[in-house]
Amino acid sequence: MQFHHHGYVSGDPRVQPAAGVGINRPAELPDEVDVLIVGTGPAGMLAAAQLSQFPNITTRIVERRGGRLAIGQADGIQARSVETFQAFGFAERIIAEAYAITEMAFWKPDVADPSRIIRTARTPDDPAGISEFPHLIVNQARVLDYFAEFMANSPTRMSPDYGFEFRSLNVADEGEHPVTVTLLHTSGPNEGQERVVRAKYVVGADGARSKVRESIGCTLAGDQANHAWGVMDALAVTDFPDIRTKCAIQSGTGGSILLIPREGGHLFRMYVDLGEVDPNDNGAVRNTSIEEIIRKANEILHPYTLDVRNIAWHSVYEVGHRLTDRFDDVLPEQRGTRTPRVFITGDACHTHSAKAGQGMNVSMQDGFNLAWKLGHVLEGRSPESLLSTYSAERQVVAKNLIDFDKEWSTLMAKRPEEFEDPSELEDFYVSTAEFPAGFMTQYAPSVLVADADHQELATGFPVGKRFKSAPVVRVGDTNPVQLGHHATADGRWRIYVFADAALPSGGKQATASPTEHFAGWLANSPESPLAAMPSGADPDAWFDVKVIYQQDHPSIDFGAVPGVFKPQVGPFKLTDYEKVYATDPAADIFDLRGVDRGGVVVVVRPDQYVANVLPLTATAELGEFFAPLLPNRKPADALSGAAAAPQSVITPPALVGN
């Protein structure tokens, strides 16, 4: 964490100085805003948290409840989400209070006595080491609390506006705030009265029954699996030995349980199989009592017993898989003729079973994908047509998620005798581990993702996939750190320069190294992306440029490192010492990530996805890549026509035969 560069900080360094719209922020919801977010679920809160880092953008987030969420239904936090939490500064704290999943146990009927269940297998949760972060279980409400804290500590001093229910919206053809939104006060002295707010953009994060989705003519299409599950968060006394281990339990009498221990050491969640549902049931199964759910759980667990002492929350749901065909208000025939003004995220776009732990995780990535783009457009960093990439990228992610979840939920509902291979369930769990963990998303080539023409130069940083961190040593203070952990959710692009074999020369060599040539171009060329930054801004205001040398840290003369890697920041123009790295002798990042030792540039988007991989000599290509994304490069309509093209490739291993 860096601070003091604007003067001495004696208090909590996580509290950033108020700036822009955060200075004297009005407590009441204003009549006009830049972005209005509807719903304080995971997608909405992450989007608001990201936008809170843009001081001159007025963002407000409204919620029909009168206050914070007390008990959340979602609880699974995949490793990709924990990486995201690291960018928002609370990964370590939420890890400390969460339950960490390290392995999963599988229980099946005893062949000798099918009325009894026995443990048949244990599998590690992350056998391939796809992330340095764990798979967590923690109440959704706590996740929202951390985002709320981040927003409150941000320059904009953002906080949710509780007690407002979305009613309708209208998008005008013109005007500075073309979206007129009608809200209803649901609490307080104005309860029952309507309130009109005008916005430049609206984000619907209002759940599966989204009224924002309805207002832009989108519908969820899909199917019901006609299979019901009872779910309960319980405190109980039991002789079942794996009550604190994630388990898939299949009984000989029919029925299954997915057991997920919760944070705190005592609470656990059970998804209890209630069986097939008559298509003419008309929702009657949803009235299943908690007593019946507990009775069914005990039947499945035989010979073990479950003495439930307290229920924190319970519900009954039928598995459904639904998806919208677009995530914004632009109809297919309008693509390329106008840019979106209204967006939907999370459950408003895609619904599926809860058992793969994907709902909250994928929803948050929706919010991350959209929010930085809104920030860049509203600040004038990028043309408005950038916003068309949101629906194009995330709709495909959701489609592949639903395909995966259909297979997983079908397997969970099978009776033991229906499996061709007794180990089919655990084999599927292991072989698809990277998918639910959140690391199979790969955005296809677009204006935001280059073609992988130079992928062989950095095989461990696939273009379009999330930037996978690795150990390095920070030269300035000799600290071993994770390179990716210094990419905060500040809306900046990252440019990682993996140096060639030459040491920094400080300009003393007759012939500068390729790294120094690249550094000079980056700092001085009018074609460099850094040249687009506004006058008076810190040199790293839009781009976080870092260099990683191949040698160990004692070999690096910090004074000889090119100046572009040592920017002077803040009102006192202090040198930033945290952008120069050396390899960790115990884990060389060049070897770990297949980085060519001739030197490589890896460009990473503000939402942590690799956008380009280039040789150090490809300065023209780098300039061309950023040209349509920055001001004073190409006309603002440079993205029209191309904006609808990007898609996402997210292929679960199980769907390609692994």
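These legends cover close-up views of a helix, a helix pair and the nonpolar cores in a predicted model. Local features need pLDDT of at least 70 and side-chain atom pairs pLDDT 80 or more, while totals for chains, interfaces and linings use all residues. Residues are numbered from 1 along each chain as its sequence is written, and side-chain values use heavy atoms, without hydrogens and water.

**View 1. Helix α1 is mostly covered.** Helix α1 spans residues 42-51; helices are DSSP runs (H or I, at least four residues), strands likewise (E, at least two), numbered from the N terminus. Of its 10 residues, 10 are buried (under 20% relative accessible area, 1.4 Å probe, protein chains only). Among them are Met45, Leu46 and Gln50. The cover includes strands β1 (32-38) and β2 (59-63) and helices α2 (79-87), α4 (140-152) and α7 (359-379).

**View 2. Helix α1 packs on α4.** The angle is about 15°, with the axes 9 Å apart; axes are lines fitted to C-alpha atoms over the stretch in contact, and angles run from 0 to 180 degrees between N-to-C directions. The pair is therefore roughly parallel (under 35 degrees). Contact residues (heavy atoms within 4.5 Å) include Met45 and Leu46 of α1 and Phe147 and Met151 of α4.

**View 3. The largest nonpolar core has 138 residues.** Such a core is a set of buried Ala, Val, Leu, Ile, Met, Phe, Trp, Tyr and Cys residues joined through side-chain atoms within 4.5 Å. Phe147 and Phe498 are among those with the most contacts inside it. Helix α7 gives the most, with 9 residues.

**View 4. A second, separate core has 23 residues.** Trp107, Ile293, Ile300 and Val308 are included.

Terms used: Buried < 20%, exposed > 50% of the residue type's maximum accessible area, 1.4 Å probe, protein only. Parallel < 35°, antiparallel > 145°, perpendicular 65-115°, else oblique.
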